[in-house]
Amino acid sequence: DRMDADRLRRYREYLDYHEGRRGAPPARARERTITFNYARAIVEKGVSYLVTDHHPTVTPAAATAEARAQAAEATRLLAETWDANDLARLDVETEIDTAVLGDGAFKVTWDDIEERVVVTAPDVQGLFAWWHPDDIHRLRRVASRYTLDAEDAAERLGRAPRSTAGRRPPRVDIVEAWTAARFDLWMQGELVESRANPYGAIPFVIYPNLPRPKQFWGISDIEPIRGTLEELNRAYTQLSRILELSGNPIADLENVEEARDI
């Protein structure tokens with residue numbers, strides 16, 4: 001709960017700027033403020049240029065019929081994974097998150113029931129990472145925290161969450177902890193599953209939008225425009241108030257004693 005407090009605080013601030021909840025001058029009594037959502041415009045326009053329609057291809061390792069057949073089969077499997085996970089849409093969503101927050105992530109797992117690769121984009125606000133001291137690009141542990149409805153948690157884990165004061169909580173906190181060797185699952189602070197990692201690798205790809213020097217986490221696209229955004233909103237708010245006053249001039253009425261004389 002106390003880990004990465006500064007990073008999570010930055011995430012909340014960036015989201016507020018992106019959603020237009022921050023950046024406007026403070027409102028005074030009976031006066032409105034204008035929030036020109038320049039942050040969202042910048043992010044979405046940048047993403048529209050960056051993310052283009054593309055499909056994975058595999059180049060044959062050698063100029064032989066067998067190598068070409070293997071490359072064609074690999075390309076087919078990647079295309080199936082692309083379409084099954086709607087990765088074109090997921091790319092756009094994840095790039096918006098990455099531009100706003102400064103960090104993005106994918107999670108790649110195997111679905112035993114559908115027998116296919118599943119690619120998702122977990123919220124980096126719930127991700128925590130540990131890396132090798134001499135190489136920040138080599139992850140050694142990742143924890144993913146999220147909440148589930150109590151019924152969904154019971155169905156997924158095969159056990160109901162613990163009751164507190166005789167009442168079952170409507171939602172429960174889940175934490176997945178991954179290393180290359182182990183997988184641990186926690187519910188409401190209680191370890192409910194611990195086993196060998198079936199993949200032999202951490203199934204997360206965490207990447208920064210623009211890395212901070214010598215740091216694992218990245219820089220948001222909103223960070224360098226915050227000052228400009230606040231000044232723009234201040235100017236628009238001031239102009240709006242001037243226009244409102246000029247459109248509602250004060251009128252002096254002479255020789256008026258009753259309302260009907262107006």
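This is a predicted model: local features need pLDDT of at least 70, side-chain atom pairs count only at pLDDT 80 or more; totals for chains, interfaces and linings use all residues.
Two residues are in contact here when heavy atoms of one come within 4.5 Å of the other's. Leaving aside residues up to four places away in sequence, Ser-144 touches Gly-126, Leu-127, Ile-174, Val-175, Glu-176 and Phe-204. Its relative accessible area is 8%, and because the cut-off for buried is under 20%, Ser-144 counts as buried.

Now for the sheet around it. Strands of a sheet pair through backbone hydrogen bonds, either parallel or antiparallel. In this open sheet of 5 strands, the pairing is antiparallel and the order is E3-E4-E5-E6-E7. Strand E3 (127-132) and strand E7 (190-196) sit at the edges, each pairing on one side only. On average, and ignoring direction, neighbouring strands are turned by 20° against each other. Between E3 and strand E4 (residues 135-149) there are 6 bridges; Trp-131, for instance, has Leu-139 in E4 as its bridge partner. Helix H5 (residues 150-157) lies across E4, E5, E6 and E7, and it runs at about 120° to E4.

Elsewhere, two helices meet. The axes of helix H1 (residues 5-18) and helix H6 (residues 226-247) come within 12 Å and cross at roughly 40°, which makes H1 oblique to H6. The crossing is left-handed. On the H1 side, the contact involves Glu-13, Tyr-14 and Tyr-17, which meet Arg-226, Leu-229 and Glu-230 of H6. Sorted by type, the residues of this contact come out as 3 nonpolar, 3 charged and no polar.

Definitions and conventions:
Residues are numbered from 1 along each chain as its sequence is written. Side-chain values use heavy atoms; hydrogens and water are left out. Two strands pair if DSSP finds at least two bridges between them. Helices (H or I, at least four residues) and strands (E, at least two) are DSSP runs, numbered from the N terminus. Axes are lines fitted to C-alpha atoms, for helices over the stretch in contact, and angles run from 0 to 180 degrees between N-to-C directions. Buried means under 20% relative accessible area, exposed over 50%, partly exposed in between (1.4 Å probe, protein chains only). Angles under 35 degrees count as roughly parallel, over 145 as roughly antiparallel, 65 to 115 as roughly perpendicular and the rest as oblique. A crossing is left-handed if the near helix is turned anticlockwise from the far one by less than a right angle, and right-handed if clockwise. Ala, Val, Leu, Ile, Met, Phe, Trp, Tyr, Cys and Pro count as nonpolar, Asp, Glu, Lys and Arg as charged, and the others, Gly among them, as polar.
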